[in-house]
Amino acid sequence: MSLNIMSDSKPASLMGRPIQKPNKNNLPELKVNKPSDNSKEVEEDPLNKDDDDETSSKPIILPLQWLSALWVVGLFFIGIFGLFVFSLILNTIQSLLQFPLWLQIPGWGVVIFFTAIVVYPLLRLFKQYQRLSTVQQICIRTIQTSNSVINLKKVNTAITDYLQNYPLDDPALQQQFKQIQFSVSEIRKTKTSLLSEDNCLTTQDKLKQFESGFLQPLDEAIVSRIEYYAKMAALKTALSPNSLIDMAVIMYNGFSLLREICLLYQVRTGRLGTLYLFALILFQSYIAGQVQENLSQAEDAISSLAEGALGSAAAKVSAFIGSRVAEAGLHYLFLQRIGKLMQRRLRPLK
């Protein structure tokens, strides 16, 4: 066997092909798409594109099928709630008719009184809604991550418009401040400083001063009102002997709390936001009626568990107190949660 060695050949590559020196003939041609002379398009910065629209909360825009489905769900819930209330009213009327006439008259008076308790805060809330503008929330996270000039200008304009339209000397607002013992000196000072023509603050600094000097005192006042109404709802439902009274108590406290938050922030939600907040209040009132209807079963269960250790009489007393405390705690937590959701949707900054 003989091997033919080519001494004049070039060193072979790994694929067996001689290594070639690059030259102009074997290089691939690079094509560059040059812009035409008539083209005047300028690339937009993706960070600054449309970020001015993100500074405020956009209205909820849903397709028509979703809107129709939302209204169907709302009507379904209202129908269930109406049937439940109607059955409770019928049961109350039947119970009143069984009493003698001299007891029926004060009974009807109590029914009318608690009906007025529900209607009164609704009328006040409706009157408040008529004169307030819809909230346009500014997203703080968007401002912190964007340096768009248009974005910052819109934030500056939004803060200025909000402060100019905030009526510190409004009689209803002054009465609310007096009721909760709120001092307006700090927010008045901040409002004057931010609206001053000599103010040379940047938009970022202006936003921080607006939040710390104006909104934070209002936030603290609203948190105290949420705590107050949650405690009142818990106490009154614990002492209430009837489902209708429980529902009236929850609706009164819920609608009154919503009115006070709107009054302190001087804004209101849109239609879908209002429907959502109303649904939360009605849902809690429905839960209150259901809890009151099944409260006797809970008392029997607690009494049977505690009878062996405490005796019959002490077990009944402890079952009554335990069921009432559990009911009060449930409504306290529910209304606190609803109040925080109201505050989150109505606060000018999010």
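**Notes on the predicted model**

1. Glu227 and Lys231 are four residues apart in helix 7, so about one helical turn separates them. An α-helix has 3.6 residues a turn, so residues three or four places apart point the same way. The side chains of Glu227 and Lys231 form a salt bridge, at 3.9 Å from N to O. Glu227 counts as partly exposed because its relative accessibility is 24%, and Lys231 is also partly exposed, with a relative accessible area of 46%. The model is a predicted one, so the contacts here should be read as features of a prediction.

2. The whole structure holds seven salt bridges. One of them joins Arg347 to Asp219, with the closest N and O atoms 2.8 Å apart. This pair links distant parts of the chain, since Arg347 is in the segment after helix 11 and Asp219 is in helix 7, 128 residues apart. Both Arg347 and Asp219 are buried.

3. Arg131 forms a salt bridge with Asp170, where the closest N and O atoms are 3.2 Å apart. Arg131 belongs to helix 2 (residues 101–131) and Asp170 to the loop between helix 4 and helix 5, so this contact ties together parts 39 residues apart in sequence.

4. Eight aromatic pairs are found in the whole structure. In one of them, the ring centres of Tyr162 and Phe214 lie 6.2 Å apart with the planes at 85°, so the pair is edge-to-face. Tyr162 is in helix 4 (residues 149–165) and Phe214 in helix 7 (residues 203–239), so the pair ties together parts that are 52 residues apart in sequence. Tyr162 counts as buried at 13% relative accessibility, and Phe214 is buried with a relative accessible area of 0%.

5. Phe214 also pairs with Tyr166: the ring centres are 5.1 Å apart and the planes stand at 85°, so this pair is edge-to-face too. It links distant parts of the chain, with Tyr166 in the loop between helix 4 and helix 5 (171–179) and Phe214 in helix 7, 48 residues apart. Tyr166 counts as buried, at 2% relative accessibility. Tyr162, Tyr166, Phe210 and Phe214 together form one aromatic cluster.

6. Which residues of helix 6 are buried, and which are exposed? In helix 6 (residues 185–195), the buried residues include Ile187, Thr190, Lys191 and Leu194. They cover an arc of only 100° around the axis, which puts them on the same side of helix 6. Lys189 and Thr192 are exposed on the other side.

7. Helix 8 (residues 243–265) has 23 residues, which at 1.5 Å a residue should span 33 Å; its end C-alpha atoms are 33 Å apart, so the two values agree. Of its 23 residues, 21 are buried, so helix 8 is largely enclosed by the rest of the structure. Gln266 follows helix 8 and has a positive phi, near 60°.

8. A nonpolar surface patch of about 370 Å² is made by Val317, Phe320, Ile321 and Val325. Ile321 is in helix 11 (residues 312–346) and counts as partly exposed, at 47% relative accessibility.

Notes:
Residues are numbered from 1 along each chain as its sequence is written. This is a predicted model: local features need pLDDT of at least 70, side-chain atom pairs count only at pLDDT 80 or more; totals for chains, interfaces and linings use all residues. Side-chain values use heavy atoms; hydrogens and water are left out. Rings of Phe, Tyr and Trp (its six-membered ring) pair if their centres lie within 6.5 Å; planes under 30 degrees apart count as stacked, over 60 as edge-to-face and the rest as tilted. Helices (H or I, at least four residues) and strands (E, at least two) are DSSP runs, numbered from the N terminus. Buried means under 20% relative accessible area, exposed over 50%, partly exposed in between (1.4 Å probe, protein chains only). Patches are made of residues with over 30% relative accessible area and no salt bridge: like charges are joined within 9 Å, nonpolar side chains (Val, Leu, Ile, Met, Phe, Trp, Tyr) within 5 Å. Accessible areas come from the Shrake-Rupley method with a 1.4 Å probe; for residues, only the protein chains shown count as cover. A salt bridge is a side-chain nitrogen of Lys or Arg within 4 Å of a carboxyl oxygen of Asp or Glu. The expected span of a helix is 1.5 Å times one less than its number of residues. The arc is that of the directions from the helix axis to the C-beta atoms.
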